[in-house]
Amino acid sequence: MSLYTALAAGVKDNLTTFFSGEVEQILGSLFLHLQDPSCAVSSVCRTALYVCAPFVEPKGLQVVVKNAIGRSGAQLQSEVCSYLETHAPELLKTLKRQQKPPLEKRSTGATLHVLVQDSSFTDPTPDFAKDRELYRFVVTLPKTAPNHHISHQSFSVCEQKARAKGETTFASCRVPPQFLTESVEEMLVDQPWVVCLSRELSQQLSNPSSSAEDKNFLYQALGTVLASCRQLTHVQGQLLKYLKETDATSPCDRQGIASVVSYAAERHFYLALDAMRKFTKWLITFDRCRKAQKGHQRAQATWAAAMLTYGKVALHAPKSELLACVEEDILANILELFHACRKELQHKLALLNGIKEVTCAIQAADTKHSFRLCKKPEVLEILLDLMEEDACDTPVSQVHLKMLQLLEQLSTLKPCMDWEYRCSQVAVCSWRVLSCPPEETELQVPASPSLHTSALPVPWQLPRCSASLLLSRFQSLQTSCEEALGQLVSALLKAEGTSSAFADVVSILLCHLTSTKAWERERALQVCAQLLGTYEELFKCSRERTCSQFGSLVGVLGPLLSDSQATSRQRAGACLSCLLRIQACGMTKTRRAVLQVPDCKELCERLKSTEDGSLCEDPAKIAKGVCQYFPQGQARSFMDAIMKTFECANEERAQAAGDWMIGFLEACGKEIRPEVPEVANILWKAMYTMQQGTLRDLLLKAARLLAGFHLQPVVDSLLQTELPSERDMVQLWRSLGSSDLGPQVLRHLAERLDKAPETRPLCNDADQEPHRLKLLCAISEVVSALLTAEAVRDLLPHLLPVLLQWVSKELGVELLFPPLSPPRGLLLFKDMGQEEQLCGLYCDALEQVLRRCLDERWQQVLFRHGVWPSLDLPQWHCNSVQLLTSVLLRARLVSRALIQTFLPWLHSPLPNLQVTALAFFAELMKDPPAEGKDLLKPLVRLFLEKLQHPSCAVQHMAARGLGSAVSGLPKKVQKHKRSIVAALEREMRNVDHPEVAAESMLALAEILAKQMAKGLGGAFRRIARSTRKFLDAKQEDLRFAAFSLYTALAAGAKDNLTTFFSGEVEQILGSLFLHLQDPSCAVSSVCRTALYVCAPFVEPKGLQVVVKNAIGRSGAQLQSEVCSYLETHAPELLKTLKRQQKPPLEKRSTDATLHVLEASPEHKEGSPKHAEDSPEHAEDLSGHTEDVPELAEA
């Protein structure tokens, strides 16, 4: 062989053809001596074969030889025979003929190296009646035994020797005998002896009296013997025989099938796989064709045995050959068998065991970690389907335990599934393991269990098991599942290694940690502790400075310190300690010193529980200490977790959650400014869901605390929130108003209302500024909840202008109003719809504010005079503002700040605001407050300028303001008297705007009445002539103003003006007598006054006496007496008076005629009727009231 090796190495060029023929002739000898009895010959033979490989035909055989470099001669011979049997059977026959004797008889590659104990025994095919030593142990074969029984008990002698040496024996470990495997290369037994040995072992297995331990040994021994057998046909036949004929219902036989095939696969891997493939095909075909139900249990057990066998084959397969076929030939067949079977419990366990062993085999063979298991997604889908198959109201089984363990193993194999998919795995597994009820409440044992598996027995399979033992088994199984789930979660987290992965897993556990079921919380805490332990290790190696889920975990774990279960309290304390260590690891010592954060170790010590599981100190103190470690940006997650606890917890835990929430806000309220809107929204939404009074009080307290640190964001958030219940909104506003923050809240609401957009809320988009209606409701509720009225009075300079401003803006039309117009126009504004409703809300809010400021008597004045319903009507707005200002002035609520707030309105681009401000200042001018009188003096000049404003409403109120200034600022008016009179004189001639003309005449009347007519010069005559034109005007406002002005002119006509005014009176005497019975009560009244004042200028003197004597009588009586006197003493004058009336008096005023000759009682009775038509409060709104002495005097 050595020479042939050298010859083969030296063959080149023209010798190649010759040497190829030589190799062809000796190829049989080369293969024969691969297992030569001499180790040296066998070794040099392998070398010669490798060197001669290039000269071997066919080429495929060359590849087989080259790939077998480094293997034993037996392995090389087996692979060559397998190849030739499949691809070159004729060459195999030729090689057999070259071997003398044939190859199958001379092969000395004995698998079992048998040393004959008796030196006289030299027969190469011995019988089994003699004693033999198998490597280290002695098998005693009794000669008299008729069945040649081989028992593991025969090893007692060697077992004792092995124990003395500290070795492990077969009988003690019950695993495949290692001595059989180690003796393969050393036994001096030929193949016929191996075949006979396998048959003998088969015969012993058929003995029904064999014990389970005997069978286990025999199956393992048979598998080892078949692995050493080189008669492949015999091996395959034996494998198929045991696969098809063995009754797999017994766990021992089922395990035995797997042992035979798997041990045989160690040296006949492809042969064993081929046998399993044929058996799988036969099994599926047989099951489909089987019609009868007989043998159902055995058939289903056979399915389970087949799946288990595939897993064992993968474990015993050569590592170098496994990865090439593990997926298509092993894993695929396991899945095919499972899909085709009935999916009973034994099938599920067999599937899990088979896949687990395949996974272990892959991990052992894939040393470079480059193998990709393409069927991994399919396997995971099956596992998750099995996990979701059972309802969560049943206890866990060993299927779930093995599934969790298998998922952990699969997580290490490639390809790596995306994180979202792995999160779904965790969610499903957590749901199944953590949500199942405790065994003592939901344990249900099947009536007729018929499941038998080789795995750990489930409780109902234990014969005559006591209830306590059954419960103990279930509890142990549940604990194992929890630990397996924690290991799975930890493994997935380690594989991903990111904080986002940690956050996703925590979010899955949160729903279990906040469960209403005590056992579910307790189990989830166990898994959470494992998760935090893993994350702590990862966090130390990362560069992160904060734990991403610190807030949410504290929000859940904190209240659990007060849980009803002692175990839960202890585990929650342990989790919090771990969480604090993680967070403290990310905080540098310098930063902790700056923030004055306590030492983490001290806080963890405080979290330790006593023996009964109760905390050593108050949870509120613990909460404040833990919250000092809060990182920025996690307030929302903390509040979300607290709210989940509120929803799911009992009253005790809910109170603890409230304590943690309050402690958090007290400790971290200042630092959470960016998250305040989100935190506030969480509180508002919780108000709707929390209906218990205690919980609502906690939420209200939290809202007040948050507002104390960040008032503006909290109020703005509440304004933008749409709560389903109006009661909740009212309660929130009143809670804020009744606290010390009430005045600040009210001020901020007023500022928000002042800055609100001017467009109507109905036209605004939902995402724009908060609805003004919300602001009004908020203001009303806060005002009503304020502890003292003094706070409202202090804020009146902010509230009154804002509310009055929106009342003015929302009127929507230019304010054209006569000072004494009857309120018959009130009905015209009842169809304003939304506009009237909106204005009414502003008035309601203003009434609510003033109700807290004013005494009861002033409130009654405003109510009786109808200020609130008339304030938002254009015709009566200014009069209502004046009356409101008058009440505020006398209640001493008009401050300097309030005056300063109204001053900018006088320059507003909106005419409505200018008019409202002018009405306010017009009333204020009558009796200015001492502290703000200096602010009002410049307004006289401003009123003069406003007389030229384009808006007639502004001109109107400017004229009224000038008339009021005569009382309050006489010196200022006297200084600008000529300018004021000239301006008012100009405006009274403005026939296009009779309201402005009427107000100008009234203002002139005030000036003339208070400062006399002296110094007016020609203006007096012009005013008197101009006034005469309005005495018979159609508008009652003009007639009233004209008679009022004429009264003032008559009072001021002295000295050189007497003659002039006597002539004027002579010309208007007819109008004076005519309007004594004017349809307007106000005109009739002022006409009588004018007549009395003008009496000194009337001729003849007797008529003066008649007029003076009629003081206090009605207009009809005075008119009647004048007519009687003139008819008797001055008939010509009577005719002249009648001619002054154009058209005749009897046609213009049928109720006030001077029919002296035809005067009748009917006319006298009916004449005063028209003076009573006008409603009473028309005169009230003009300022004439007797209700309050102060107002009456004013």
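Which residues does Phe 921 touch, not counting residues up to four places away in sequence? I looked this up and found Ile 899, Phe 902, Leu 903, Leu 906, Leu 936, Leu 939 and Phe 943. I took contact as heavy atoms within 4.5 Å.

Before going on, I noted that this is a predicted model, where local features need pLDDT of at least 70 and side-chain atom pairs count only at pLDDT 80 or more, while totals for chains, interfaces and linings use all residues. Residues are numbered from 1 along each chain as its sequence is written, and side-chain values use heavy atoms, with hydrogens and water left out.

Next I looked at the cores. A nonpolar core is a set of buried Ala, Val, Leu, Ile, Met, Phe, Trp, Tyr and Cys residues joined through side-chain atoms within 4.5 Å; buried means under 20% relative accessible area, with a 1.4 Å probe and protein chains only. The largest core holds 327 residues, and Phe 646, Met 661, Trp 733 and Phe 921 have the most contacts inside it. Helix α39 (residues 789–809) gives this core its largest share, eleven residues. Another core, of 26 residues, lies apart from it and includes Val 23 and Leu 61.

Eight of its ten residues are buried, so α35 is largely enclosed by the rest of the structure. Among the buried ones are Pro 713, Asp 716 and Ser 717. Their cover includes α33, α34, α36, α37 and α38.

Last, I checked Ser 1044 in helix α53. Ser 1044 counts as buried because its relative accessibility is 13%.

Conventions: Buried < 20%, exposed > 50% of the residue type's maximum accessible area, 1.4 Å probe, protein only. Helix = DSSP H or I, 4+ residues; strand = E, 2+ residues; numbered from the N terminus.
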